[in-house]
Amino acid sequence: MTHTRIKDLLNSTDFGKEFIAKGWIRTFRNNQFLAINDGSCLGNLQVVIGLNVFDEKVIKKLHTGASVSVKGTLIESQGKGQRVELKAVELEVLGESDPDKFPLQPKKHSLEFLREIAHLRFRTNTFNAIFKVRNALAFAVHQFFNERGFVYIHTPIITGSDAEGAGEMFQVTNLDLDSLPRNEAGKIDYKEDFFGKETNLTVSGQLEGELAAMALGNIYTFGPTFRAENSNTTRHLAEFWMIEPEMAFYDIHDNMDLAEELLKYVIRQALDRCPDEIEFLRNRLLEEDKQKPQADRSEMDLVEKLKFILENDFERVTYTEAVDILKRSKPNQKKQFKYLVDDWGIDLQSEHERYLVEKHFKKPVILIDYPADIKAFYMRQNEVDENGRKTVAAMDILFPGIGEIVGGSQREERYDVLTQRMAEMNIPTKEMEWFLDTRRFGTAPHAGFGLGFERLVLFVTGMGNIRDVIPFPRYPNNAEF
C-alpha cells in the first residue's frame, strides 16, 4: 500500500477502509491521540492509538517533531474538532525528535524567533500557509503570460551591465582576494578574472529582456535579482525575485493596462486556489490587530483588502497632480510627514504613496509622468511641459499598506535621445553597444515593467516583514543556510 496524503484523508468518506498515513507529530495527548501533519494542508489528522496495543518503547518515541507511518481504518470521529480519524493498527516511528532539543513546541512562537530557525519554520501553520500562497502566485504569473502568448526568457544572473545605474551590485569574481593582479596603473586587472572583465550579480533582467522583445514581440522574465543595498528594513532584501515583461509596440497606456490586469489576475487566482490558507492568515491578522490600539488597527481584513484590489479600477494620476495633492494635504501642512513635500521634483517616499492610496483616493493608484531627473536612463522622454519641466513616460503602481509594488515605463526607442541621455548620466555607451543595436536596427516603441514578487506575496499574505515571505531571506549580515 502506498500512503495517502492527509489532505485527501480529511476529505474522504471511505469509512471502514484501511489507509496508510505518514507525517510529523504535532501533538500527542493522553497516550491515545496523535495529531500528525504531512504539509499537504493546514489541518492535522487525528490518529487514535488503543491503550496497551503498541510496544511501550514505540510510545516513548512519540514526541512533537518526530515522523511516523501509521496504518489504520478511517472512521467517523466521535470527538470535537475533526470529522474523521484513523484508528491505528500499525505504527512505526520513522525519525525521532528529542523533545528537550526540538525548538518548535506546541505553542505560539514569535516571527523573530522563527526567522532564526528558518530551516524549521516551514513546519508551522503560518509558514505552510505563506509558502502555499507564494506557490499559487508564482504558478498564476506563468499562467497569465502563457495564456497571452508571451515567451518566457531566462536572462543572465551574472552580468556586465547595471540596468538601474545605481551601482549597488554584488561583484562576481574568482580572483584570489589575498593576491589580486594589478595593472600598470595599480588598479585590479580584471582581464585575469574568469570572464576577462568586471562582472556582477544582476539587478534586473530588463535590458536583456528588451533584446528578446524586439524580435519575439512579448516576453517576460521571472528570476532572482540582487541589490547590495545596506537596507535593514521590513521592505528590503538583498536577494529577491522579479517578474519583468517587455512588450514591443506597447506605449505607456498599454503597459499600465497589462500591469493592472496581471495584478488582478494573480490575486484572484490566490483567492481561488488557497481559500483555507488565506482564511488562516486573515484570522491571524485579526488576532494581531486585537493587541493594537484602535487607531492602529486595519480598516479592512485581509480578504476585504484583496477584494478591494479586484473590485476597483486603479486611479491614474500624474506625478505633478500627486505632488499638488500632497502639498495641500493635512499631514504635509501639519508637518506630520517625515519627508515634507515642498516642491516639484522630489522623489516620493512610501509615506506619500500610502497617503495617496489609503487616505486620498482610497483605491490603488498608478502614478505616471515622473521628473526625468529621478528616473533611469532608458525611460522615454515626454515633450517638455508648459513650465519647462522634463518628464518621462514612467509609471509606478501603489497599493495600500505597501506603497510601490510595480515600476515600469515606456522605453526610449529613439537612438539620438537615448545616447544623449546616457551621456548626461555618465553611462558608457561603448559597453552598451549591444543594447543600442536595438535602436539602430528596426527600432520600435516598446514598454515594460518590474513587479517585485516578494512585495506581491507580502501584500497577498498580509505579512508585515518581507523576510517572512521568502524561504531563506538574504539581508545585511545574514546569509544563513
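1. Helix α8 (residues 302-311) has seven of its 10 residues buried, so the rest of the structure largely encloses it. Buried here means under 20% relative accessible area, exposed over 50%, and partly exposed in between (1.4 Å probe, protein chains only). Helices (H or I, at least four residues) and strands (E, at least two) are DSSP runs, numbered from the N terminus. The model is predicted: local features need pLDDT of at least 70, side-chain atom pairs count only at pLDDT 80 or more, and totals for chains, interfaces and linings use all residues. Residues are numbered from 1 along each chain as its sequence is written, and side-chain values use heavy atoms, with hydrogens and water left out.

2. Which residues of α8 are buried? They are Leu-302, Val-303, Lys-305, Leu-306, Phe-308, Ile-309 and Leu-310. These buried residues pack against α6 (252-273), α7 (275-290), β14 and α14; contact means heavy atoms within 4.5 Å.

3. At the start of α8, Asp-301 places a side-chain oxygen within 3.0 Å of the backbone nitrogen of Val-303. A polar contact is a pair of N or O atoms within 3.5 Å; within protein, one must be able to donate a hydrogen and the other to accept it, and residues adjacent in sequence count only if both atoms are side-chain atoms.

4. The second largest pocket holds about 1,100 Å³ of space. Its lining has 34 residues, and the closest to the centre are Ser-298, Lys-305, Arg-354, Pro-400 and Gly-401. Lys-305 is also one of the buried residues of α8. At least two lining residues come from each of α7, α8, α11 (350-361) and α14. α7 gives the most, with six. On method: a pocket is an open set of points on a 1 Å grid over the protein atoms alone, where a 1.4 Å probe fits, with protein on both sides within 12 Å along at least five of seven lines; lining residues have an atom within 4 Å of a point. Grid points are joined across faces, edges and corners, and a volume is the space filled by probe spheres set on the points.

5. There are 20 aromatic pairs in the structure. Rings of Phe, Tyr and Trp (its six-membered ring) pair if their centres lie within 6.5 Å; planes under 30 degrees apart count as stacked, over 60 as edge-to-face and the rest as tilted. Tyr-319 and Tyr-370 are tilted, because their planes stand at 40°, with ring centres 5.6 Å apart. This pair links distant parts of the chain, 51 residues apart: Tyr-319 is in helix α9 (residues 319-328) and Tyr-370 in strand β13 (residues 365-371). Tyr-319 is buried at 0% relative accessible area, and Tyr-370 is buried at 2%.

6. Phe-399 and Phe-459 are also a tilted pair, with centres 4.8 Å apart and planes at 55°. Phe-399 lies in strand β14 (residues 391-399) and Phe-459 in helix α14 (residues 453-461), so the pair ties together parts 60 residues apart in sequence. Phe-399 is buried at 0%; Phe-459 is buried at 2%.

7. Two charges sit over rings. The charged end of Lys-375 is 4.2 Å from the ring centre of Tyr-370. Arg-148 lies over the face of Tyr-265, 5.3 Å from the ring centre. The test is NZ of Lys or CZ of Arg within 6 Å of the ring centre and within 35 degrees of the ring normal. Tyr-265 belongs to an aromatic cluster with Phe-144, Phe-145, Phe-150, Tyr-152 and Tyr-220.

8. Backbone check: Phe-249 has a positive phi near 65°. Phe-249 is in the loop between β11 (239-248) and α6, and is exposed at 63% relative accessibility.
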